[in-house]
Amino acid sequence: MKEAEELKITQTITGDKQKIAILNLHGYLDSNTSPLLKERFLSLDSQTHCFVLDFSDVEYVSSAGWGVILGRIKDYRDKGGDIVFVRMNREVASVYELLELNKVMKHFITIQEAVHYFSGEHK
Amino acid sequence: MNKEEQFRAGFSLKTKFLIWLVIFILMVMIVIYIYFSHHERTILSQEIKLRGEALCINVVSSAEDFLVMKDDLSLAKLIYDTKAKNKGVIYCFVIDDNNTIWAHTDASLVNTTYRVPHELEELNTKPIMIQERRTPDGIEVFEIVMPITVGENKIGEAHVALSQQAIKDAVAQAGTGVAFVTAGIIVLGIIGILILVSFIIGSLGEVTKDIEAIGNGDLDRKIITSRTDEIGRITHAVKMMATKLKRAQEELIEKERMKKEMQIAKEIQQTLLPHSLPQIPEFKIATYYQSAREVGGDYYDFIEIDKEHFGVIIADVAGKGVAGSLVMTMVRSIMRIEALKNPSPHRLITLLNSILCRDIPEGLFITLFYTVFDLREYRITYCSAGHNPAYFFNPQEKKLLTLKPAGPPLGINLFDEREFAARLHEETRIFNRGEILLLYTDGVTEAMNRSKERFGRERLQNFIEGNGSLTPETFKKRLKAAIETFTRKEKQSDDITFVILQRM
């Protein structure tokens, strides 16, 4: 039996006028752990709709994980926000590309670029 | 008597407390009474003896001259005075050396001979003698005897008897006092115990009721206490116990619910999968489906569009449980109905996405690979909605093709119908004799072994190149075995599904 994998989420809120939540995810984002990410999104709903997901420590994202992100993104975009990714590993990126999410979502190499994307967009 | 009643029989704690308290007080007071009466008796008899001695010395010193002078009148006066002036003197007399009574408080005994009563010792040579005796009238006395001497010669004896009644009175008085005090303490003790016990036992009674209620299954019972002593701790512990029990019960119910949901989802899914393979001229088909530990959302289907066309669908619903299964049901129904009207995969998938986007729950999406076979031209036309690539293999040329037309997953709600249609690409190719098409879900490539290594696309491609000339049935058995060898039968978290089609 596959043992339950862990997911740790640490958050930083940045930005002056436009608050941006940077979520650093660590571990596995699958059907067991994705509710944690969903809860985190909902708990920050009153503060911001701009999210940078730092995926540098994410080893695996299952379809349930992508589902949580795709489930929120429409709502955030309608409210002028977005969800963008930073530093996805090769394995995660291959699924990201397979699902063609690279064509509908943004991925940046550095957090600064991602933050700049939000602040530039809302100038 | 049932077990419940058995625990209610017998004395209550309150009664037990009271019985023990009364026994305890009585014991203490009896000990106190014995000690004090003994003490009193000792002190009083000492005092009486001292007084008797003093009286006797006084009688002796006065009687000496009178006896020498044989002045019986003065002696009688001395004796009467001694009795009259000193309380408690029962009798008093003086005898000479021949035991003749010279003076006696009982005048009738004067001039008679004194006989030492059998219970008393004779004085002989002792300077003083104090003895206890009971008079013929039944009075308990101390009889003090002293010799009357002239120089060294004993000429007679003085006897003074003092009553012991004072001791009896004092002891009786002390006894009455002790009895009163005992009664008082017992009354106070009972009142005190009643108050204390109802204070302590009262709360204990509350806790007992709480525990009984919890025992009967009322886990929502409000348990309140402000006490910080042992009873408070018990109450708090009971409260914690009830809370934990309730949580455990809820978790169990939730677990059962999840299990039930998974069971329902599994049943739905199994009814959706085709029960038999379609008979298609010149094609051999094999399918494989292996459900995961928790039911996944894999699904495949064959649709006979018309005599010259048939469709093959393989799909993966992201999201487990009943919601995922219901979405799968939607996909199946829409595909089965609309495929007949829309021979173009592109049009059909675009339509499917539009319908799904309206109703799909948040967090769910679908990847799907749809192929339409044209049996007149042996041509396949296919679309992929974010699904894993399909593999197309020609054994003669040993050529492996990856079929991956562009297309986003279904149900993600990010673009309108036109934009989706623009992003969804359709490809087509001829299906030659001997060629093999493998459609699969990511459960195959994501199959994981104990060291968290995945089966992966490279292994799958190598497998196809090595086994692509086998019949679909054999190919299926070999691929299944290859995956099992790799995972070493480790339970998988995702369904494993594949469909193999080969043109004869």
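This is a predicted model: local features need pLDDT of at least 70, side-chain atom pairs count only at pLDDT 80 or more; totals for chains, interfaces and linings use all residues.
The side chain of B:His104 reaches the backbone nitrogen of B:Asp106, at 2.8 Å. Is B:His104 buried or exposed? Its relative accessibility is 10%, so B:His104 counts as buried. The cut-off for buried is under 20%.

What does B:His104 touch, once residues up to four places away in sequence are set aside? The list holds B:Ile79, B:Tyr80, B:Tyr91, B:Cys92, B:Phe93, B:Leu109 and B:Val110.

Now step back to the whole of chain B. The chain is divided into two domains. Domain 1 takes in residues 13-165. Domain 2 takes in residues 273-503. How far apart do the C-alpha centres of these domains of chain B lie? The separation is 130 Å.

The next stop is B:Gly468. This residue sits in a loop of chain B. On one side of the loop is helix α10, residues 456-467. On the other is helix α11, residues 472-487. B:Gly468 has a relative accessibility of 0%, and therefore counts as buried. Its contacts, leaving aside neighbours within four places in sequence, are B:Phe393, B:Pro395, B:Ile436, B:Phe463, B:Phe475 and B:Gln502. Along the sequence, B:Gly468 and B:Ala213 are 255 residues apart. In space, their C-alpha atoms are 69 Å apart.

On the chain B side, 30 residues are in contact with chain A. On the chain A side, 25 residues are in contact with chain B. Together the chains bury about 2,400 Å². Of that area, 55% is on carbon and sulfur atoms.

How many salt bridges does the rule find across the interface of chain B and chain A? There are three. One pair is B:Lys404 and A:Glu100, which form a salt bridge. Their closest N and O atoms are 3.9 Å apart. Polar contacts link the chains too: six residue pairs, both residues at pLDDT 80 or more, are counted between chain B and chain A. By class, the side of chain B that touches chain A has 12 charged residues, 10 nonpolar and eight polar.

Terms used: Residues are numbered from 1 along each chain as its sequence is written. Chains are lettered from A and ligands numbered from 1 in the order in which they are written. Side-chain values use heavy atoms; hydrogens and water are left out. Buried means under 20% relative accessible area, exposed over 50%, partly exposed in between (1.4 Å probe, protein chains only). A polar contact is a pair of N or O atoms within 3.5 Å; within protein, one must be able to donate a hydrogen and the other to accept it, and residues adjacent in sequence count only if both atoms are side-chain atoms. Contact means heavy atoms within 4.5 Å. Domain bounds come from an automatic or database domain assignment. Buried area is the accessible area (1.4 Å probe) that two parts lose on being put together, summed over both. A salt bridge is a side-chain nitrogen of Lys or Arg within 4 Å of a carboxyl oxygen of Asp or Glu. Ala, Val, Leu, Ile, Met, Phe, Trp, Tyr, Cys and Pro count as nonpolar, Asp, Glu, Lys and Arg as charged, and the others, Gly among them, as polar. Helices (H or I, at least four residues) and strands (E, at least two) are DSSP runs, numbered from the N terminus.
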